[in-house]
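Please look over the model below before reading on. The notes that follow take its parts one by one.

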Number of protein chains: 2
Amino acid sequence: MKVTPWEVSGDVDYDKLVKQFGVKRIDAKMRARLKKLAGEEHHMLRRDIFFSHMYFDKILDAVEKGEPVYMYTGRAPSGPVHLGHAVPWLFAKWLQDAFGCKLIFQIPDEEKPMFKKGCSWDDVAKWTDDNILDIIAIGFDPEKTKIVIDTKHASLMYKTACRVAEKTTASTAKALFGFTDSDNVGKYFYSCMQSVPAFLPSILEGKRTPCFIPCAIDQDVHFRLTRDVAEKLGYPKPSTLLCRFLPGLGGAGKLSSSEGAMITMTDDPKTVRKKIMKYAFSGGKETVEEHREKGGDTSVDVSYQWLTFFEKDDKKLARVKKEYESGKMLSGEIKQILVDKVNELLAAHQERREKAAKLVEQFIL
Amino acid sequence: MKVTPWEVSGDVDYDKLVKQFGVKRIDAKMRARLKKLAGEEHHMLRRDIFFSHMYFDKILDAVEKGEPVYMYTGRAPSGPVHLGHAVPWLFAKWLQDAFGCKLIFQIPDEEKPMFKKGCSWDDVAKWTDDNILDIIAIGFDPEKTKIVIDTKHASLMYKTACRVAEKTTASTAKALFGFTDSDNVGKYFYSCMQSVPAFLPSILEGKRTPCFIPCAIDQDVHFRLTRDVAEKLGYPKPSTLLCRFLPGLGGAGKLSSSEGAMITMTDDPKTVRKKIMKYAFSGGKETVEEHREKGGDTSVDVSYQWLTFFEKDDKKLARVKKEYESGKMLSGEIKQILVDKVNELLAAHQERREKAAKLVEQFIL
């Protein structure tokens, strides 16, 4: 297993990650507090998809007292947005609605050219424009959401990034991210820019407003660095809310856009069907006879796994599980259920995406 | 001897530095070409104060063909500007007049907090405003000079700095600057921002206008890095024109504002007199009798050394040398000649400085 912000491979053991990263499990008490505040429980919490955190109790304290909090998440563009990227954003949208809080959406457009071989600055510029449409299409509140783009908003961010850098040694960067002397110096500095949105409200408004960051667990390491320096700079430590990876269609690991088999937010219904039918790893048996007899294995079936992320209806999900495991439902049938669910989700997304272009200016800080 | 952009100590051996840094001596031929183009020879060239360069012949080629060139120099504020800082600027002003070229004056206001213990960001902000008045008071052409401040103009610079960083490994930064893993990551990234003004005309105007940088020799190492990456990014390599350090009043090394004994651009005539009389290291003899008999040693006398930097009149300088070495002129007398010269220079500077505040806006990019 390897889990860094730039590579996830092998079978991810989340229990091990929680220990390794020194983060906390989201427990029943925290879920209950959140449910009470939001008026409902998000299925990604109930299903342990958002499963761990750091200091999120501080955020709940503030919200319970009616004090302002704000949220920060992000996206480093180098290709189309896919469903894996959308997982924390869908959750963030729900949180924004629940808390009525501001959101800073960072686009670190310098990340990919510095970290990914063969990724050009021109490609990133193109994908930045494209990805912004998907971000807006998630449905964030245009009054409460601002997109910051690292190279465009550097005048706002660079000084604070330098203040973070001043407190961060090369040793620390090596220990946190596994860099060697052969890595470029841009990588060493990069996490400092990642820290800045966590302090932006303090900087812009002069208040110590606490910040929380919903993201996949591989990103927590950036914010470990941020937490280490926050108080030295007079800012509150940011909290994180961490989710599992949406598995790739082929199975294990993180749904990576580097692999052929992914579903992007702009795929049309036919493409979605073709990809799921062709690539989604099946927990079904070799033959229909054997399947009818022994049933499918939902613990490895990617279609079922994806439904836990995207099908909100617990009863429907339970029925699918029961029928698939009993052998009543065949692999082709569970795949079709996923196809319909994904296409439903994408149809609504793509409709909002059509209207996003004229909102871009409003969303950019 | 130690010569880095952040520390100069010991007896500086310039011949050794030329070899160590792999730069070239300015020879008679280059001086003649420059004299022909400028219509006169600057005394700092004649006296070997500007004594070495990299690729400055390319700049002369361009100027001879009537092609545009531009100049870049800078200042990292953390205290008042002193005469040592002004040396390359006075020369730069002469070059701007001679070539009619544009000048980008960079203020890397992130440098000192990241490199100098106890230097706060607030101090730097204060000294930035102050130092800009001295920069303007040098007399640069307001139509052709733009001041860029790293944190203020980061939106213009950061992306290009990242492109430089992408091509620069931590190993390279260690080899060039002597960093270790205990140094902060801001130091590793810093030189990348230093590179950017060398490419700004290419970026802003889309032309490959060649750039040259007059500065003290300790700064060349930044531009060695810049030259290494320039062509990989499609920009011309910047040239440098390198000068010796104005010795400290106490003697050897670079005139550092960390030492008590320096003359700042805002010192009043009485302060100048007091500092020179008290601190300027003398090449005179112990007693008047011995001095009259054996004469003073101009090779170590700081007043004489300073006159080579600031007294343009060759005949006057030769007369001082002759009289001081013969014993006709006493230490107190040569000091008084320096006092008068420095006060003449500062009076004119301070008069321009009074009027500088209302030009600031015009000078800032």
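**Notes on the predicted model**

1. In chain A, β3(A) pairs with strand β4 (residues 50-54) in the antiparallel sense over 2 bridges. Two strands pair if DSSP finds at least two bridges between them. Helices (H or I, at least four residues) and strands (E, at least two) are DSSP runs, numbered from the N terminus. Within this pair, A:K24 stands opposite A:H53 in β4(A).

2. On provenance: this is a predicted model, in which local features need pLDDT of at least 70 and side-chain atom pairs count only at pLDDT 80 or more, while totals for chains, interfaces and linings use all residues. Residues are numbered from 1 along each chain as its sequence is written, and chains are lettered from A and ligands numbered from 1 in the order in which they are written.

3. The chain A pair belongs to an open sheet of 7 strands with mixed pairing, in the order β3-β4-β9-β8-β5-β6-β7. Its edges are β3 (24-25) and β7 (145-149) of chain A; each has a single partner strand, so one side of each has no neighbour in the sheet. Helix α4 (residues 56-64) of chain A lies across β4, β8 (211-216) and β9 (239-243) of chain A and runs at about 115 degrees to β9(A). Axes are lines fitted to C-alpha atoms, for helices over the stretch in contact, and angles run from 0 to 180 degrees between N-to-C directions. Two residues are in contact if their C-beta atoms, placed from the backbone, lie within 7 Å.

4. Chain B has an open sheet of 7 strands in the order β3-β4-β9-β8-β5-β6-β7, with mixed pairing. Here β3 (24-25) and β7 (145-149) of chain B are at the edges, and each has a single partner strand, so one side of each is left without a neighbour in the sheet. Strand β4 (residues 50-54) and strand β9 (residues 239-243) of chain B are antiparallel partners over 4 bridges. In that pairing B:H53 stands opposite B:L241 in β9(B).

5. How is chain A divided? The domain assignment gives domain 1 (2-250) and domain 2 (269-353); such bounds come from an automatic or database domain assignment. The C-alpha centres of the two domains of chain A lie 30 Å apart. Their contact takes 12 residues from domain 1 and 13 residues from domain 2. On the domain 1 side, the largest share, 3 residues, comes from helix α7 (residues 121-137) of chain A. By class, that side has 7 nonpolar, 3 polar and 2 charged residues. Ala, Val, Leu, Ile, Met, Phe, Trp, Tyr, Cys and Pro count as nonpolar, Asp, Glu, Lys and Arg as charged, and the others, Gly among them, as polar.

6. Between the chains, 30 residues of chain A are in contact with 30 residues of chain B. On the chain A side, α6 (111-115), α8 (154-166), α9 (170-177) and α10 (185-195) each supply at least two residues. The largest share, 8 residues, comes from α8(A). The residues of this side divide into 13 nonpolar, 9 polar and 8 charged.

7. A:V185, A:Y188, A:F189 and A:C192 meet B:V185, B:Y188, B:F189 and B:C192. The contact has 8 nonpolar, no polar and no charged residues.

8. Inside chain B, the axes of helix α8 (residues 154-166) and helix α10 (residues 185-195) come within 8 Å and cross at roughly 120 degrees. The crossing of α8(B) and α10(B) is right-handed. B:M157, B:A161, B:V164 and B:A165 in α8(B) meet B:F189, B:C192, B:M193 and B:S195 in α10(B). These residues divide into 7 nonpolar, 1 polar and no charged.

9. Helix α15 (residues 302-310) and helix α17 (residues 331-356) of chain B pack at an angle of about 35 degrees, with their axes 9 Å apart. The crossing of α15(B) and α17(B) is left-handed. Residues in the contact include B:W306 and B:F310 of α15(B) and B:I334 and B:L338 of α17(B). By class, the contact of α15(B) with α17(B) divides into 9 nonpolar, 1 polar and 2 charged residues.

Note on methods: Left-handed = near helix turned anticlockwise from the far one by under 90°.
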